[in-house]
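Please keep the viewer open as you read.

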Amino acid sequence: MTERLQVRFEALKKEGRAGLVTFITAGDPNPETSLEILNGLPEAGADIIEIGMPFSDPMADGPAIQLSSQRALNNGASMAKTLEMVSSFRENDDATPIILMGYFNPIYRYGPPGFLNDAISIGVDGLIIVDLPPEEDDELCHACLTTGLNWIRLTTPTSDNNRLSSVLKNSSGFVYHVAITGITGTRSAEIEELEATVKRIRTQTSLPIAVGFGVKSQSQVRDIGRFADAVVVGSALVNTVKSALERDLAKQQIASEVHDFVKELAAGLR
Amino acid sequence: MNSTAPITDSYRSGPDDSGHFGIFGGRFVAETLMPLILEVDRAWQKYRNDEDYLADIRYYAEHYVGRPSPLYFAKRLTEHLDGAKIYFKRDELNHTGSHKINNTLGQILLARRMNKHRIIAETGAGQHGVAAATVCALFDLPCVVYMGETDIERQAPNVFRMKLLGTEVVPVTSGTATLKDAMNEALRDWVANVEDTFYIIGTCAGPHPYPEMVREFQSVIGRETREQIMQYENRLPDVMVACIGGGSNAIGLFHPFLDDSDVDIIGVEAGGMGIDTGQHAASLTGGQPGVLHGNRTYLLQNDDGQIRDAHSISAGLDYPGIGPEHSWLHEQGRIEYVSVTDQEALDAFQVCCRTEGIIPALEPSHALAHVMKIAPTMSKDQIIVMNMCGRGDKDVFTVADALGEKL
Ligand SMILES: Cc1ncc(COP(=O)(O)O)c(C=O)c1O
C-alpha cells in the first residue's frame, strides 16, 4: 500500500489535531487554474487532497460539484488530463496524500488495470469510487488493493451495524463518513448525532475516520475536528471558484481566493 | 430429467441473485442509496409471489386500467403492405394512454405495503410521469416528478395533465436537462428523503431489482398476447416487434416468448437523424458497455466515458442507455436490434393514422416503421405482432411542427 496516508495520519496524531481534507474538481474551471489551485493547497493548510474526476452524470453530488464537473468538462477535462495534473503536482510535493474521487464509468472506459497502474505510478494514494458499493467489489476494489492503492469507502447515517461491517471489510486508508443523508453540499449535520455515529463506527474499525458532506465553515470544521480524525470540505471550495469566476477574476486571483479560504478553514483545526 | 432443476439454458432465467444478466445489470449505486435499494429488494422478494398483492394488481389492472388490452388484426394496414398479417397489441388503450401504467400500478402497490408515504418519479415524454401521477391520485399519495426542462417544453400537454392530477413537476436544468438528468435528480431526492419516499422508476433500467421488477409488471403484455394469438391463430407469431427507449414495453411483450425459438424478436431503437450523424438514441447500435444509473449496460458515451446526449424526435426514446437485460439479449443474439430514423417514424405515424384510424405515439411509430419494412418481404400466412404501446395525443404538436403546420 502507498504509505503517504498512514504517515500523514500518524503525524496528525502526534500533533494532536484533526486533518483537513480539501476537495477540488480536476480541471475546474480550466486546466491551468486548477493546477495552480492544487499546487497551493498544502501551503494553505490542506493535509490531504481529494481530487474529483469530472463525470457528466454525478448522481451522488449536489449542484455545486455538478457545476464544477460541467465547467471542467466544457474546458477539456479528461481522465488523462486529471492524471497529468497529479503528476505535475508530484514534481514538487511527494508527501501530501492524494485521493481520486469519481464515478466508475470513465475508469471502465479507460480500462481498470491500466488506470490502476497509471494512478499508482504517478503518485495517487487512494480511490473513492462513489458508485462501486461492496456488492461490486470484483469490478475494481480487489484489483485496487492488490495494486497497492487504498480503497476508501463511504459510510452513511443509514449504515446500520450489519451494513457497516460489509462496508468496512475491504476499506483501507481511512473511512469517509457522510454526515448527512443526501447529496454533497446541501444541508448540515447535527453535531451531537454525528459524534455518536462516529463513535459507533470506531467500535468497528481502527482506520482513521474523516467526516464530510455539508461542511462549509471554520466553526463546523472546528466542531467536527474535536471527534473526527479529519474533516472534508468540498462544495464550499468549489463554490469559491464559482463565485470568483462570476466576478471575472484572473487565474492567480481565483487560486488565491481558494487558498485564503483553505487557510481560514485550517485555522479551525490549529 | 428432474423437473425442479433450474433451467440454465433458458433466456428467461435472469437476473441472478445479485441482479446480473451476464455482465450487465448489477447495483452500481452510492452507499447513500444502498440501504434504500436493499429495502426495495426485500419488499419485492417478499411480495412478488404474494397472492394478496397479485390479486390487488389484477383488480386494478382490470377495473381501472382496462386490461386485457385487445390484440387487434390491422386488416387495412396488412392489405396496404401486402405481406405478413399484422397484429397490434393495443396497450395504447390503457387508462392514461400507454403501457407505463402497468408498471406504476405494480410499484405503488408495493410502496403502500412498505408504508412509504411519498412518491417520486422521473419522466421524459411525460407518459411515465402521468402514469405515476395517476396512481398517486388514486391512492392519495403526494407525488413529485422530475422532468428535464427541454422535455417540459416539447411535452407541454403531459406537464399540465400531471398538474391536474395533483403532482408537483420539478424542472431539471442540470446536465443536458433531459431524461437522464431527471433520473439523476430523482436519485438525489431519494437519498435525501430516505425514510418516507419510494422511487417509481419508469423503465427496466436502474439498480437491481428495478429491471426485473419492471419487466415482471410489463410482462402482462406478453402473457395476454400469447393467449390471444393462440385463440385467434392457434399458433405463435413469426415475428414480434417493439420500440425501445429504456426497453420496458419491449421486454414486457418479448419476455414470455424468449424461449420460443421459432419466434423472431426485433427491438427498434431510435435512429434520430441517422446513426452516422451521431444524433440518435440507439444505445445498442451506436453505443458501448458502460455504467450509469445503477447498472452496466450499453450507453451512448465518448471515449472518456462521459455520457453523450441522445437525440430522437420522440421524447420517450430519448435516453442514452437501455435496460441491462436487452444488452444481454443483444450479446446472446436472441433479439435483433435495429434502428429507425425520425423521418421513417414520422412517415409510419401518418400511414397508421390513415389506414387504421389510430393516432400512434411517436415511440411505437418507430416499431411500425420497421414493420413496414419487413411485412412486404414476408408471405401472407406469416404473422407479425407489434406493440402499439402508446397513443399519439401527446405528440400532435411535435408532429405538426415536423410537418410544417401551425396549430
Ligand atoms: C408510448 C411510449 N412508448 C415507449 C416508451 C419508451 O419506454 P420503454 O422503452 O421503457 O417502453 C415511452 C416512454 O416514455 C412511451 O411513452
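How many salt bridges does the rule find across the interface of chain B and chain A?

## Where the two chains meet

The rule finds three salt bridges across the interface of chain B and chain A. Keep in mind that this is a predicted model. Arg296(B) and Glu139(A) form a salt bridge, and their closest N and O atoms are 2.4 Å apart.

On the side of chain B that touches chain A, the elements giving two or more residues are β2 (24-28), α1 (34-47), α8 (179-192), β11 (288-292) and β12 (294-299) of chain B. The largest share of that side comes from α8(B), with eight residues. Sorted by class, the side of chain B that touches chain A has 16 nonpolar, 14 polar and nine charged residues. In the contact as a whole, chain B takes part with 39 residues and chain A with 38 residues. The two chains, B and A, bury about 2,900 Å² between them, and 53% of it is on carbon and sulfur atoms.

## Two domains in chain B

Let us now turn to chain B by itself. Chain B is divided into domain 1 (20-61 + 99-214) and domain 2 (67-97 + 219-402). Taken over C-alpha atoms, the centres of domain 1 of chain B and domain 2 of chain B are 22 Å apart. Their contact takes 41 residues from domain 1 of chain B and 43 residues from domain 2 of chain B. Between these two domains of chain B, the buried area is about 3,300 Å², and carbon and sulfur atoms give 61% of it.

Polar contacts are found, however: 15 residue pairs across the interface of domain 1 of chain B and domain 2 of chain B, both residues at pLDDT 80 or more. On the side of domain 1 of chain B that touches domain 2 of chain B, the elements that give two or more residues are β2, α4 (100-113), α5 (127-138), α6 (149-154), α7 (156-164), α8 and α9 (210-218) of chain B. By class, that side of domain 1 of chain B has 19 nonpolar, 16 polar and six charged residues.

## Around the ligand

Which residues come nearest to the ligand? Of the 18 residues around the ligand, they are Thr203(B), Gly245(B), Gly247(B), Ser248(B) and Asn249(B).

## A salt bridge along a helix

Over all chains, the count by this rule comes to 41 salt bridges. One of chain A's pairs is Glu246(A) with Lys242(A), whose side chains meet at 3.5 Å, N to O. Glu246(A) and Lys242(A) are about one helical turn apart because they are four residues apart in helix α11 (residues 235-246) of chain A.

## Backbone details worth a look

Most residues other than glycine have a negative phi, and most peptide bonds are trans. The peptide bond from Asp28(A) to Pro29(A) is cis, with omega near 0°, and Pro29(A) is in the loop between β1 (19-25) and α2 (31-44) of chain A.

In chain B, Arg67(B) and Pro68(B) are joined by a cis peptide bond with omega about -5°. Pro68(B) is found in the loop between α2 (51-65) and β3 (71-73) of chain B. Finally, Phe213(A) is not a glycine, yet has a positive phi of about 85°. The loop that holds Phe213(A) runs between β8 (209-212) and α10 (218-225) of chain A.

Key: Residues are numbered from 1 along each chain as its sequence is written. Chains are lettered from A and ligands numbered from 1 in the order in which they are written. This is a predicted model: local features need pLDDT of at least 70, side-chain atom pairs count only at pLDDT 80 or more; totals for chains, interfaces and linings use all residues. Side-chain values use heavy atoms; hydrogens and water are left out. Contact means heavy atoms within 4.5 Å. Buried area is the accessible area (1.4 Å probe) that two parts lose on being put together, summed over both. A salt bridge is a side-chain nitrogen of Lys or Arg within 4 Å of a carboxyl oxygen of Asp or Glu. Ala, Val, Leu, Ile, Met, Phe, Trp, Tyr, Cys and Pro count as nonpolar, Asp, Glu, Lys and Arg as charged, and the others, Gly among them, as polar. Domain bounds come from an automatic or database domain assignment. A polar contact is a pair of N or O atoms within 3.5 Å; within protein, one must be able to donate a hydrogen and the other to accept it, and residues adjacent in sequence count only if both atoms are side-chain atoms. A residue is near a molecule or strand if one of its heavy atoms lies within 4 Å of it.
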